[in-house]
Amino acid sequence: QVQLVESGGGLVQAGGSLRLSCAASGRTFSSPAMGWFRQAPGKEREFVAAINWSGDSTRYADSVKDRFTISREYAKNTVYLQMNSLKPEDTALYYCAAGPGRGTSYTESGYNYWGQGTQVTVSS
């Protein structure tokens with residue numbers, strides 16, 4: 001069992017930055033792959049970013065490339081999502097996810113644990 005708790009969401013103006021954190025607890029060794037997804041009202045949940053078990057490989061959705069950065073800190077069992085140059089279209093509920101794979105899955109099926117989500121709202 002793995003528990004994931006997101007934090008760091010909030011309200012920010014367009015062009016601003018936020019850093020999301022996802023703290024993992026429990027049997028974290030069974031879920032080395034970590035990712036971020038987001039869901040806006042009336043839309044499907046979409047992939048944002050993923051990082052592999054060693055932290056040396058990442059994957060991003062085209063919509064956030066060169067603006068978002070995913071990283072992890074094993075000592076704190078935490079994964080981060082640094083979001084820069086935020087746009088109103090980034091407004092969504094952001095979810096942290098963990099899975100058993102060693103790679104960087106971009107599909108929901110690649111993850112079996114999910115956090116409760118943290119809201120990010122970007123004003124124009």
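Trainee: Where should I start with this chain, and what share of its contacts join residues at least 24 apart?

Mentor: Among contacts between residues at least 6 apart in sequence, 59% join residues at least 24 apart; contact here means heavy atoms within 4.5 Å. Keep in mind that this is a predicted model, where local features need pLDDT of at least 70, side-chain atom pairs count only at pLDDT 80 or more, and totals for chains, interfaces and linings use all residues. Residues are numbered from 1 along each chain as its sequence is written, and side-chain values use heavy atoms, with hydrogens and water left out.

Trainee: How many helices and strands are there in the chain?

Mentor: Zero helices and eleven strands. Both are DSSP runs numbered from the N terminus: helices are H or I with at least four residues, strands E with at least two.

Trainee: What makes the chain as compact as a globular protein of that length?

Mentor: The radius of gyration, taken over C-alpha atoms, is set against the globule rule of 2.2 Å times the number of residues to the power 0.38. The chain has 13 Å, close to the 14 Å that the rule gives for 124 residues, so it is as compact as a globular protein of that length.

Trainee: Why is Thr104 called buried?

Mentor: Buried means under 20% relative accessible area, exposed over 50%, and partly exposed in between, with a 1.4 Å probe and protein chains only. Thr104 has 13% relative accessibility, so it counts as buried. This residue lies in the loop between β9 and β10 (113-114), and its contacts beyond four places in sequence include Ala50, Ile51 and Arg59.

Trainee: And why does Trp114 count as partly exposed?

Mentor: Its relative accessibility is 28%, so Trp114 falls in the partly exposed class. Tyr111, with 6%, is buried.

Trainee: How do you know that Phe37 and Phe47 form an edge-to-face pair?

Mentor: Rings of Phe, Tyr and Trp (its six-membered ring) pair if their centres lie within 6.5 Å; planes under 30 degrees apart count as stacked, over 60 as edge-to-face and the rest as tilted. Phe37 and Phe47 are 5.6 Å apart centre to centre, with 75 degrees between the planes. Phe37 is in strand β4 and Phe47 in strand β5, so the pair ties together parts ten residues apart in sequence.

Trainee: What makes Tyr111 and Trp114 edge-to-face?

Mentor: Their ring centres are 6.3 Å apart and their planes at 70 degrees, so this pair is edge-to-face.
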